[in-house]
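Here is a friendly walk through one protein model, written for someone who likes to see the cut-offs beside the values. Please keep the sequence and the 3D view open as you read.

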Amino acid sequence: KEECIRLCRDTERCKSMSFIPQDGMIRCYMKYRRGGATVPVAQAGTQSMNMECNNSDRELDCLREDVNFRGADIGNGMVTDEHKCLEMCRETEGCVAFTFRKSNNQCYTKSQRGGSALHKDLGYNSMNMECSEIPLSESMKCLRQDMTFSNSDISYHLIVADERECLRHCGDTHNCVAMTFRESDHRCYLKSKLGGYNGGEIALGHNSANLKCDNSKPPQLQCNKIEERFAGSEMHHVKVESMDECLRLCRDAEDCKAVSFRLQDHICEMKRASFEWWSIKSHYVSVNMDCSEN
């Protein structure tokens, strides 16, 4: 075994190996992937090891019960419980999450956080190897009542208990940065874009949030404002209480680069582009979100 380890160490692409006793000798199989081609598989008389491993204690600190991370499978194998499934994921190259099916103790290793799509399924327990870096308590501070983030949906919608659970599922899902929760039927819509495609829109009974937000006073209020309208590059219009609220909506939206606020009726026009020129002089106040040079 020691000789096999030395050979692997001296071989540029070798990351793991398997030892198989045969005719009084030990056959050494060197591997270019941790855990082999898919996942480690139990085989009588065979021993295997990765050249680098992590044997530290790890709790199932972000295990999601009755949640199935579907798709994005690397491979699967039978194990005794979720702890052994976690170990299998650790030993498998590219594994960032796993799903454990309780009915037959099958462990599915995943190449993507949350798999290809997160589903609520009885009898399945799933976990990302790295929990969400944003605490739920912080994400809940980003909740916008009676507002929807339209479009930019990530495939499947979920039925959840409340906004907190919806945010938790978003934190578990690859590329999810925002969500909308519909109160009437408790549907949770996961979003791939901050603020959805068009930014926040007034919608009674819908509550939305980005996973991460800035609730401080918009610094753009201190910028030089133009008493004219930025024409074109529209996202959408929404009625708000003040210029402050208009700027906050824009800040929540990934594509929003500028706003025009109509003073007479408090209409907030969100823009997909910054402006160096202005037109249609009227009862407007306009400002670019990036106004540091003003």
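## Disulfides

The structure holds 10 disulfides, where a disulfide is a pair of cysteine sulfur atoms within 2.5 Å. Before we look at some of them, a word on the ground rules. This is a predicted model, in which local features need pLDDT of at least 70 and side-chain atom pairs count only at pLDDT 80 or more, while totals for chains, interfaces and linings use all residues. Residues are numbered from 1 along each chain as its sequence is written, and side-chain values use heavy atoms, with hydrogens and water left out.

Let's start with Cys4 and Cys28, which are joined by a disulfide with an S to S distance of 1.7 Å. The angle about this S-S bond is 65°, and the link of Cys4 and Cys28 is right-handed. The pair ties together distant parts of the chain, 24 residues apart, with Cys4 in helix H1 and Cys28 in strand S2. Helices (H or I, at least four residues) and strands (E, at least two) are DSSP runs, numbered from the N terminus. How accessible are the two ends? Cys4 is buried, with a relative accessible area of 5%, whereas Cys28 is partly exposed at 31%. Buried means under 20% relative accessible area, exposed means over 50%, and partly exposed lies in between (1.4 Å probe, protein chains only).

Cys89 and Cys95 form another disulfide, with S to S 1.9 Å. Here the angle about the S-S bond is -105°, and the link of Cys89 and Cys95 is left-handed. Cys89 counts as buried at 1% relative accessibility, and Cys95 is buried as well, with a relative accessible area of 12%.

Next come Cys166 and Cys188, whose sulfurs are 2.0 Å apart in their disulfide. The torsion about the S-S bond of Cys166 and Cys188 is about 85°, so this disulfide is right-handed. It links distant parts of the chain, namely Cys166 in helix H4 (residues 163-172) and Cys188 in strand S12 (residues 187-191), 22 residues apart. Cys166 is buried at 0% relative accessibility, and Cys188 is also buried at 0%. Cys53, by contrast, is in no disulfide: the nearest cysteine sulfur belongs to Cys8 and is 13 Å away.

Which order do the strands of the open sheet follow? Three strands make up this sheet in the order S2-S1-S3, with antiparallel pairing; two strands pair if DSSP finds at least two bridges between them. Strand S2 (25-31) and strand S3 (47-50) are the edge strands, each pairing on one side only. On average, neighbouring strands of the sheet are turned by 20° against each other, direction ignored.

Strand S1 (residues 16-22) and S2 pair in the antiparallel sense over seven bridges. Ile20 has Arg27, in S2, as its bridge partner. Helix H1 (residues 2-10) lies across S1, S2 and S3 and runs at about 150° to S1. For such angles, axes are lines fitted to C-alpha atoms, for helices over the stretch in contact (heavy atoms within 4.5 Å). The angles run from 0 to 180 degrees between N-to-C directions.

## Around helix H5

Which residues of helix H5 are buried? In H5 (residues 243-252) they are Met243, Cys246, Leu247, Leu249, Cys250 and Asp252. Their cover includes strands S9 (147-149), S14 (206-210), S15 (234-239), S16 (258-262), S17 (267-271) and S18 (284-288).

## Charges over rings

Two arginines sit over tyrosine rings. Arg13 lies over the face of Tyr32, 5.0 Å from the ring centre, and the charged end of Arg272 sits over the ring of Tyr197, 4.3 Å from its centre. The criterion is that NZ of Lys or CZ of Arg is within 6 Å of the ring centre and within 35 degrees of the ring normal.

## Positive phi

Most residues other than glycine have a negative phi. Asp66, however, has a positive phi near 60°. Asp66 lies in strand S4 (residues 64-70) and is partly exposed, with a relative accessible area of 27%. Asn151 also has a positive phi, of about 60°, although it is not a glycine. Asn151 is found in the loop between S9 and strand S10 (158-159), and at 47% relative accessibility it counts as partly exposed.
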